[in-house]
Amino acid sequence: MKFEYHCKLTLPLARQRKGVLPKTLLAMKLAIVLLFISALHANGKVTAQQTVTFSGRSVSLQTVFSAIKKQTNFTFFYRKDDLKDARPVTVELKNANLQTALDAALKDQPLDFKIQGRTIFITRKPVTKPAPEKAEVSQFVPIKGIVRDSTGTPLAGASVNIKGSSKGTTTNSAGQFTIDANPGDVLVISYVGLETREIKITGTDVIEIAMRALQSDLSDIVIIGYGRQSQATVSTAVSRVDGRKIGMQPVATPGEALAGLAAGVQVQSNQGAKPGEAPVIRVRGVGSLSSSTEPLYVVDGYPLQTSEAFSIINPSDIESINVLKDAAASAIYGSRAANGVVIVTTKRGHRGKTEFTASGYYGLQTVNKYIDLLNRDQYLGYSKTQSRIRGVPYPAVFDRAPDSLPDVDWQREIFRTAPLYSMNIGATGGSENMRYNASFGYYNQKGVLIGTEFTRINSRFNMDADLSSKLKFGVSISPSYTDQYKQGTSGQFNTVAPVDQLTGVPGLVANRNVPSPLNSAMMLAPIIPVYKDNGDFAQPYDRALGYTTSATSVFFQSNLINPVSILTQVVNRSRAFRTLGNAFLEYSILDGLKLRTFFGATLENERNNASIPATATTDQSPTASFSNPLLNGIFASENVRNSFDWVWENTATYDKSFGEHHLNLLALYSAQRFTSTINYTGALAGTYVTTSVQNPLASPSRVGTVGYDDNAFVSVAGRITYDFKRKYLLTAAIRRDGSSRFGPENKYAVFPSFSAGWRLNEEPWIAGLLQKASINEFKIRGGYGETGNANIGSFTYLNSMNITSNYAFGNNRQFGATPTGFPNYLLTWEKNSQTSVGVDLGFMENRITFSVDYFRRISDGMLLSKDLPAIVGYATRYQSNLGKLRNNGFEFSLGTDFNLGEVRWNANLNLSSYRTKVLDLGGPASLAPSGSVFGWNNSYQVKVGDPLSLIYGYTVIGVFKNDQDLANHPQTTAGNKVGDWIVKDLNNDKKIDVNDMGVLGNGLPDYIYGFTNSFQYKSFDLSILIQGVAGVNIINGNMRQLIGGQHQNSITSYLNNFFDPETPNRDVKYPRPNSTSAVNPQNALVQYHVENGSYLRFRNITLGYRVPQVVLKRIALRSVRFYITAQNPFLITKYTGYNPEASVSTSPTNAGTDQGTYPAARTVGVGVNIGF
Amino acid sequence: MKKLLFIRYIILFFVISANFSCSKDFVNLTPEGLIPVDGYYHDELSIKNALTGMYGSLRTIYNNHWAYSELPSDNTMTYPSSEAFWGEMDKYTWVSTSTRIQEAWSRHYTTISLSNIILDRIDPVPMQQTNKDRYIAEAKFVRALMYFNLVRMFGDVPLVLNEITTEAQAYSYNREPIARVYAQIEKDLTEAAAVLPTSYTSADFGRPTQNAAKGLLGKVYMFQKKFTEAETILAQVVAAAPSPLVPFDKIFGPGNDNNGDILFSVQYITGGFGEGNIFAREFVPQPSGTTIIGVSGSSYNVGGVDLYDAFEPGDARKPISIDIFMDGSLPYYYTRKFLYPTVPAGNEGDNDWPVLRFGDVILLYAEALNENHKTNEALVQLNRIRTRAGLPDKTGLSEQDARTAIYNERRVELCFEGERWFDLVRWNIFIPTMQAFKTKYNVTGMGNIEERLKVFPIPSRERALNPNLTQNTGYE
């Protein structure tokens, strides 16, 4: 059906004629009628030349139709529901013309027909209210009811009919209706785009009817780039996620809620529950080795420059998210679409009385997994054994009664049960010519790790106005404020990962590294107290604790620092104010031709401040404490980024049907410009003179610098979408982009795409067969497209002068300048080309839908750094478009929608998979290998012919128990001793070296899946979201210190599982604690620490209850729903760390390393939604 | 009518936007945060800045120069606990894939490129001709110094004399014979010496003087055994030496930068700019903590007992040059020449690195004279140095004995200053000396002393990129 296209176009007309048409008539229905009228106009007269001969008694209407079809080659077009009420017919036709035949067949039927081209459209006759028949009045009972959509919003204009009778009415603006009916009658309620419902009248109570959207129905609209299209005629791969599934989850960012909801969209919250942290989102695999693999986010038509502006959207403001997955769909966004496009639409206003909504929830988050570390008594025993094997003394206090020593569970000292709450209020409504939606939201989440917190305040105002019948205007503005307190977590106990460092002043004050509190908490011995008696934080190396072995030495190592001291004192805070605003003006010049101009702007002001006070103990001030503040340990910085981005887009669309040909044309001009400035202020290390303020002003030697960013895009694009009889579908698009980011000799590029689809269910020759198999939808589609990845940084092609190469002549500093970098004026986009094919199937009137997609994606000209001979001097490498990468994958999704008695059950299962393969690295066969965690080198290697993120390490086959073993097995180049690991000699060269590192696993999953279930029973609703990955490994980097770390805490499974010279013949997994072999737990990754990272996670379970209408009436509310919700309630995994999603690095070449990463929290909460 | 007007507006609007979109300037942005290289070298100030930048690049090279010139000798060693950093230079285990070898190569070529850029681009820049000539001479001096280091470290090396602007150019250079490289060094130094001033005011201390160029040229001759040419030019330089010589305790250490003994040195400054030296810390034994300097040492380049014992009794240079730190009963011989006791951070040493000084030049002159069979004149020069060291004159030696005396004198006079390995190789006594050393001290982990160790291997990265580069004998 085409009315989706036309409703907008014809609405102005509807208003003009509202005086003459019944007010209650649905605009949508009108649109259908108008469509037919226009179709007739376009087609001229009915040309029913053929004749029909048929005779039958009490045959079904369908039988007649198929006979007519056979004899005339005309096809019929009708809604199946419409024929339900048709009576059997008795006709006798001989050489009757088509008109006569149809008249006869439809005589006294509640149906009408229209002939257009070679298609006969069967429609319901317009409902006419019969004049009240007085005689029967007494029998009828006035039945009152209210019709709502699935969100509880009353539906205006829904048709309410009594089954088997011609009686009917429509609902008013409050969704209410009154109809006279007999008890036992069946009410049929229908609404365009929603599933028709039948309700038997049993009493006189107010009937409440909840309408559901048709799952994957013909009428489902998907948002494509610069337009919308009915799902049926889409020939590309687009996934649609309903905003309700996003808004219902108690999460900070919409990205987190996307996990598991769309096939081919991987969401990895590698920082777990770090409040406010956006997850990594990848669409259809990995498109780049070195540039961003983030999709392009388009919010209400605005292509965003950064994903942050997406992450700060209030999830409850989202109407829908559509993901353009294949290049044929996304190529209309050209040079920025290589990683897919995520199109977000926010809720807009409806005509009608203002409706208010208020909602809120409160939840408590807890860490759902603790690592099984040693307690005090276990630790003391273990430590003594270790000391004996190492031949070092242990502190005398270890031999005292254990009760005299502290027993601290450090994990519980750094984690807490943290509250999270959210409140939203909204209003929507509008007059005939103006509609609006306004909302305000407040979200606050304290992290489960102390010292972390996130607050978000959003408001949004969307308005649409019909300035005249042909001129539309819309405006959207959404200011937001976020406040995030971060703590470094990823990384080793003494150094967090670079992303978690405190930002200094580039070139002047180095970024400050802080110890990783998570890793430290696992390593700290339980006998170290949190506080000293004087209130200072205890540090393990503080001699005052008594853990000493001589007059000068301390038992514990000196750079392991009390994590509570870090978490409570180090501040790394980011506050941002962002406003995203846009406005459009749309003018319908002619029927079907619309011009639209769109202007949007984003203003961002982000302020980061970081401080380490004089009392905080860090590696640079190991003796600082409350009682001993040290000025030289102070760090303070304040960085402010201001950025402004604007986009101006002008589109012309022409949408028209010519007979059975439907055509949609799009032309686009677009220009976008981004500018950004960062001001950094800090003070030189060691120059702080006061503790009274914690900002750079505490030093007289303040320094600052400024950073700029700037880019511009200019584009022209065109697209043609065509379908014939909604059967043969074609789309072709082309975009030409120019960007300031590329070298002057390669500034412009063209991105073409095309796709085609074939709906077999519309083919007469097979439709019958499909019908027998209950298949109502059978679409084959495929396409090819080229897209670009422009995320290569600004001005990468240029080389520039570095003006900090100074020199002091005598003692007079002079400022010098040296060139840096090697220019590449040919630098350009990373190009993606993708071929995608898919099949969509619908069974039993789309109660079951099924889609399968296969894609093959080639990323070519990936930006890699190419080595130059060092004799060039001022540069040793330069950025060039070199590498080639392939992603192959499939996606599969299955949707069901059934009524099981009174229970309505909706389910969606999706599963996808992709495989990466490096095809070319521009010459070299591999890139330099990189480590996973400090000490474990060469864990990841990018090689031509291999997938990305293969994990390399050694395979241990035992422990050298005696000299015999030493003689029998190859040793490392530096030799081995009894108690060392025996390592598998992979290349059989009789020695163990780096060449014996083999593939131990894969950091990217083989499969990702999601399974969502929702149930509705009377006033109750229940939804369960399950999501998981399979076929993935994770490097448990925490084990580097926990296994055999000197004097550190350990895990219980390590106890009595290491080589002890006293019991050399015992079978053990781990080597002697003081193994100095080149392959020991501290300096090599072995298979034991590459764990199975597959998991199945219950993302969300929500149980809701809608308060019945009778109660609502009493309290004068429109709707009230209470719910309890649990985010991440269960996790099924074999991984022994906190979070199997953890990844220290977001790079696709180094996926799957966990070291001190923030755990995923379990949230349990209650909430309420109120409408009034 | 009104409607028609509106349509016109809309059409106009689209036409404007079309023009806008096609405008080339819209995507040709000038970077605000970058100073593009093209167009930078346009006035005297920018050339001066470029020269300063070139000098600035010397800091990194000379921060580690000791590692390439002292460690592979009998003078110094890396303490075992620090061997991961520089052990390969001490133990002769360097390989062509070594980062250290690559760094030595890359850093010298970086400075060469900075000087080439100036030489290539200065011509059209308007300025006084005398200034222009001086800037050219400075760039040539530095380029010559870099090639002098390179040729001594690697033997045949690519001779790059122009800025490389395209990738193809980078592959057009092959290794040139040592003689060709030396010829270019001589040419650059001769041309520089003709122009460079005889002295500078304090604001320009650190730039090469005429005598620095001549002295370096003399040294270059000595490395080629061109003793006649060396004698001639070194005589001119030595004539300019202060008389008496600057006392030995006034040459090194804080407060003594740019003293009268210095002909050319690399300038370091403290003050939190990151422009101080790191060697102040690296020569100090780790176990000493902060008892010797303000930060704990690194033990990368501590002296050896052999050097300690090489000083004659009563040598005034000994307490200034070398000292012992006792860690329990374990002695650490460490250099005092480069001590900066109050160094506030590991990379904040203020003292300069002497590249060429009169102590060196006078001994080279003595050596040249002796090699030219003027032993008595040679001894006069030798004794100037010995006198300063508080040692008795050497008289009446044979040419061979004088040679030995000069060799020994160079060792103690210039210890830790980055001369020893080059001298051993130059004098052709590297193999016997180090073999004897290895045997005498029973050094564990030291590689076989072989002919190939007289030069470093060509870095494997460079050969992988440009297969035309040959490898030095013994490293294939």
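Predicted model: local features only at pLDDT ≥ 70, side-chain atom pairs only at ≥ 80, totals over all residues.
Over all chains, this structure holds 85 salt bridges.

Consider D74(B) and R411(B), whose side chains meet in a salt bridge at 3.5 Å, N to O. D74(B) sits in the loop between α3 (65–69) and β1 (76–77) of chain B, whereas R411(B) belongs to helix α16 (residues 399–413) of chain B, so the pair ties together parts that are 337 residues apart in sequence. Both D74(B) and R411(B) are buried.

The next pair is R386(B) and E312(B), a salt bridge in which the closest N and O atoms are 2.7 Å apart. This pair links distant parts of the chain: R386(B) lies in helix α15 (residues 375–388) of chain B, and E312(B) in the loop between α12 (305–310) and α13 (317–321) of chain B, 74 residues apart. Are the two partners buried or partly exposed? R386(B) is buried because its relative accessible area is 2%, under the 20% cut-off. E312(B), at a relative accessible area of 30%, is partly exposed. Both residues also belong to a network of salt bridges, which includes D261(B), R317(B), K337(B) and E409(B).

I now move to the interface. The size of an interface is often given as the accessible area lost when the parts come together. Here, chain A and chain B bury about 5700 Å² between them, with 67% of it on carbon and sulfur atoms. On the chain A side, Y807(A), F809(A) and I871(A) lose the most area to chain B, together 14% of what that side buries. The contact draws 63 residues from chain A and 72 residues from chain B.

How many salt bridges cross this interface? The rule finds 3 between chain A and chain B. In one salt bridge, R461(B) pairs with D867(A), with 3.4 Å between the closest N and O atoms. Polar contacts across the interface amount to 20 residue pairs. Strand β33 (residues 702–724) of chain A gives the most to the side of chain A that touches chain B, with 7 residues. By class, that side has 33 nonpolar, 22 polar and 8 charged residues.

Finally, the cores. The largest nonpolar core has 135 residues, and those with the most contacts inside it are Y62(B), Y147(B), F154(B), I185(B) and W353(B). Helix α6 (residues 129–154) of chain B gives the most to this core, with 14 residues. A second, separate core of 61 residues includes F398(A), L405(A), I1043(A) and Y1158(A).

Technical notes. Residues numbered from 1 in each chain as written. Chains lettered and ligands numbered in written order. Heavy atoms only, no water. Core = buried A, V, L, I, M, F, W, Y, C linked by side-chain atoms within 4.5 Å. Buried < 20%, exposed > 50% of the residue type's maximum accessible area, 1.4 Å probe, protein only. Helix = DSSP H or I, 4+ residues; strand = E, 2+ residues; numbered from the N terminus. Contact = heavy atoms within 4.5 Å. Buried area = accessible area lost by both parts, 1.4 Å probe. Salt bridge = Lys/Arg side-chain N within 4 Å of Asp/Glu carboxyl O. Polar contact = N/O pair within 3.5 Å; in protein donor to acceptor, adjacent residues only side chain to side chain. Nonpolar A, V, L, I, M, F, W, Y, C, P; charged D, E, K, R; others polar.
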